[in-house]
Amino acid sequence: MKTRFTKRFTARAEHIDELGHVNNAVWVQWIQDMATAHWDAVARPEDRAAFFWVVTRHEIDYRGNIDAGESVTGETWIEGPARGATSLRRVDFRNDAGKVIVGAATTWAMLDRASGRLVRVRPEVLEPFV
């Protein structure tokens, strides 16, 4: 069973675009917020001190939206083993009815804090997430 992390988000007036729904850029920010919160909550302290992550790819499916004042529950997990310096993360946002309205597959690259260079993701770094 994969370790899953959840976080609740509520749409505020500034999140709403001219179509009356949460703007796509806000969904991307929430995806990043989910990944960062999951890393901070689960990663070993020595890994948080030694590494940081940057996004290299977002692939997002929009199947619905919410209005100002409505909330979604985001759920994220690591999908499969790392590939070199990258790791695949999944994120689903469910409305209050439990339907996935936004789903994403995001690829993240791990960098060494001291050098700022890409580093291979070792299995022990991802072990707390699986």
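Predicted model: local features only at pLDDT ≥ 70, side-chain atom pairs only at ≥ 80, totals over all residues.
**Notebook: sheet, helix and cores**

Leaving aside its neighbours within four places in sequence, I found F93 in contact with F9, W27, W30, I31, M34, V72, T73, G74, K99, V100, I101 and V102.

Next I looked up a second, separate core: it has 12 residues, and W39, F51, I78 and V125 are among them.

Then I turned to the largest nonpolar core. Which of its 16 residues touch the most other members? They are V22, W27, W30, I66, V72 and F93. I also checked which elements give two or more residues to this core, and noted β1 (5-10), α1 (24-42), β4 (86-94) and β5 (100-112). The largest share comes from α1, with 5 residues. As general background, nonpolar side chains in soluble globular proteins tend to be buried together.

On to the sheet. In what order do the strands lie? I read 5 strands in an open sheet, ordered β1-β3-β4-β5-β2, with antiparallel pairing. Why is one side of β1 and of β2 (51-62) left without a neighbour in the sheet? Both stand at the edges and each has a single partner strand, so one side of each has no neighbour there. From one strand to the next, I noted a twist that averages 25 degrees.

I took a closer look at one pair: β4 and β5 are joined in the antiparallel sense over 9 bridges. For L88, I found the bridge partner T107 in β5.

Last, I placed the helix. α1 lies across β1, β2, β3 (71-78), β4 and β5, and α1 runs at about 145 degrees to β1.

Terms used. Residues numbered from 1 in each chain as written. Heavy atoms only, no water. Core = buried A, V, L, I, M, F, W, Y, C linked by side-chain atoms within 4.5 Å. Buried < 20%, exposed > 50% of the residue type's maximum accessible area, 1.4 Å probe, protein only. Helix = DSSP H or I, 4+ residues; strand = E, 2+ residues; numbered from the N terminus. Contact = heavy atoms within 4.5 Å. Pairing = 2+ DSSP bridges. Axes fitted to C-alpha atoms, helices over the stretch in contact; angles between N-to-C directions.
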